Amino acid sequence: MKARVTVTLKSGILDPQGKAIEGALKSLGVDGVASVRQGKVFDIELSGADRAKAEAALKDAADKLLANTVIENYRVELL
Amino acid sequence: MKSAVLVFPGINRERDMARALKLASGRDAAMVWHAETALPKGTDLVVVPGGFSYGDYLRCGAIAARSPVMDAVRKFAADGGLVLGVCNGFQILCESGLLPGVLMRNARLKFICKDVHLRVERSDTPFTRGYNAGQVIRVPVAHGEGNYEADEETVQRLEDEGRVLYRYCSADGVVDEASNINGAAHSIAGIVSARGNVLGMMPHPENHVEDIMGCTDGRGLFAGLVAHLEKAA
């Protein structure tokens with residue numbers, strides 16, 4: 001089973017990397033970019049076929065390691 | 001003072017730290033590999049040194065914070081043992097839950113490697129008793145992610161409880177925006193845990209302890225720890 005965990009900064013958390021990317025896009029002349037927030041994507045392959053178990057394991061992984069919930073949110077998707 | 005210095009893959013300041021500890025205490029520090037599940041018997045100070053544990057993968061300190069030895073450190077801290085984390089060590093302590101908050105990318109995005117001034121906010125703690133309250137010391141920093149942030153409530157609690165021990169300041173002790181090198185909340189350079197036995201700080205006091213280094217302002221921190229532990233013994 002394939003899954004994807006997306007980790008993003010919580011709103012209100014300063015994102016200097018996103019700001020730098022935003023500035024670069026604007027200087028490249030990419031049209032209509034209002035703002036950029038950057039984050040991380042984890043593509044994970046799971047053994048087993050139980051979707052509920054997989055979802056629980058992914059949440060556990062995100063809480064324990066993939067995200068720092070002080071500053072980050074995460075979203076778990078089974079693909 | 002029997003100190004234990006933790007060693008993770010990618011750490012590079014552990015020998016500087018061990019040298020400073022030897023200088024202050026006269027005893028060799030034990031070097032403890034991250035896969036160990038126990039600290040050496042009789043340890044009374046655990047030091048998490050600086051460097052780039054696990055290449056700063058995922059988030060600075062995130063992977064080191066989940067290594068086996070950190071369970072032993074958590075237990076040691078819960079029993080009141082003294083823990084000092086410097087630079088990457090501060091990041092590891094935050095990631096491990098021993099200290100609140102997080103070290104974010106420096107506000108102006110640059111890696112900063114230079115001497116800075118710190119104001120010692122109080123002198124009645126094991127980590128600052130070698131200084132006077134309000135004293136300004138000069139120590140180096142070398143980090144890309146040292147911008148201390150926590151939610152407003154947490155920062156307020158740190159302030160109310162007097163847990164900010166070191167703050168970035170100008171040479172004459174003024175805390176202002178210009179001296180806040182990395183954009184940290186309230187110019188925070190170092191904080192202690194609620195119980196006061198775990199200190200995390202971004203600057204490197206261990207790199208200003210000998211005349212040949214051009215400055216010895218970092219000595220006070222280590223001398224203070226030695227004095228505290230001698231008194232307790």
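Trainee: How many helices and strands does chain B have?

Mentor: This is a predicted model, and in it chain B has 5 helices and 11 strands. Its radius of gyration is 16 Å, close to the 17 Å that the globule rule gives for 233 residues, so chain B is as compact as a globular protein of that length. The C-alpha trace of chain B spans about 45 × 40 × 35 Å along its principal axes.

Trainee: And what share of chain B is buried?

Mentor: Of the 233 residues in chain B, 55% are buried. As for the contacts in chain B with a separation of 6 or more, 75% of them are between residues 24 or more positions apart.

Trainee: Okay, the sheet. What is the strand order?

Mentor: There is an open sheet of 9 strands in chain B, with mixed pairing and the order E2-E1-E3-E4-E11-E10-E9-E6-E7. Strand E2 (30-33) and strand E7 (136-143) of chain B are at the edges, and each has a single partner strand, so one side of each is left without a neighbour in the sheet. From one strand to the next, the twist averages 25°.

Trainee: Which helix packs on it?

Mentor: Helix H2 (residues 68-78) of chain B does, and it touches strands E1 (3-7), E2, E3 (45-48), E4 (82-86) and E11 (198-201) of chain B. The direction of H2 makes about 130° with that of E4(B).

Trainee: How does E7 pair with E6 in chain B?

Mentor: Strand E6 (residues 112-120) of chain B and E7(B) run antiparallel and are joined by 8 bridges. If you want a pair to look for, B:Ile112 stands opposite B:His143 in E7(B).

Trainee: What about E1, which strands does that one pair with?

Mentor: E1(B) pairs in the parallel sense with E3(B) over 3 bridges, and also in the parallel sense with E2(B) over 4 bridges. On the E3(B) side, the bridge partner of B:Ser3 is B:Leu45, while B:Val7 stands opposite B:Trp33 in E2(B).

Trainee: Are the faces of E1(B) covered or open?

Mentor: Both faces are covered, with B:Ser3, B:Val5 and B:Val7 buried on one side and B:Ala4 and B:Leu6 buried on the other.

Trainee: Now E4. Why would you call it largely enclosed?

Mentor: The reasoning is a simple count, since 5 of the 5 residues of E4(B) are buried, so the strand is largely enclosed by the rest of the structure.

Trainee: Which residues touch the most others in the largest nonpolar core?

Mentor: That core has 76 residues, and B:Val5, B:Leu6, B:Val46, B:Val47, B:Val83 and B:Leu118 touch the most other members. Leaving out residues up to four places away in sequence, B:Val83 touches B:Val46, B:Val73, B:Phe76, B:Ala77, B:Leu98, B:Asn197 and B:Val198.

Trainee: Changing topic, is H3 in chain B buried or exposed?

Mentor: Buried: 8 of the 8 residues of helix H3 (residues 88-95) of chain B are, so the helix is largely enclosed by the rest of the structure. Among its buried residues are B:Asn88, B:Gln91 and B:Glu95. The cover over H3(B) includes E3, E4, strand E5 (102-104) and E11 of chain B.

Trainee: Why does B:Cys87 count as buried and B:His186 as partly exposed?

Mentor: B:Cys87 has 29 other C-beta atoms within 10 Å, and a residue is buried if that count is 20 or more. B:His186 has 17, and partly exposed is the class between buried and the 12 or fewer of an exposed residue.

Trainee: Last one, how many residues of each chain are in the contact?

Mentor: The contact takes 8 residues from chain A and 10 residues from chain B. On the chain A side, the largest share, 3 residues, comes from helix H1 (residues 16-27) of chain A. By class, that side has 6 nonpolar, 2 polar and no charged residues.

Methods: Residues numbered from 1 in each chain as written. Chains lettered and ligands numbered in written order. Predicted model: local features only at pLDDT ≥ 70, side-chain atom pairs only at ≥ 80, totals over all residues. Core = buried A, V, L, I, M, F, W, Y, C linked by C-beta atoms within 7 Å. Contact = placed C-beta atoms within 7 Å. Helix = DSSP H or I, 4+ residues; strand = E, 2+ residues; numbered from the N terminus. Nonpolar A, V, L, I, M, F, W, Y, C, P; charged D, E, K, R; others polar. Rg over C-alpha atoms; globule rule 2.2 N^0.38 Å. Pairing = 2+ DSSP bridges. Axes fitted to C-alpha atoms, helices over the stretch in contact; angles between N-to-C directions.
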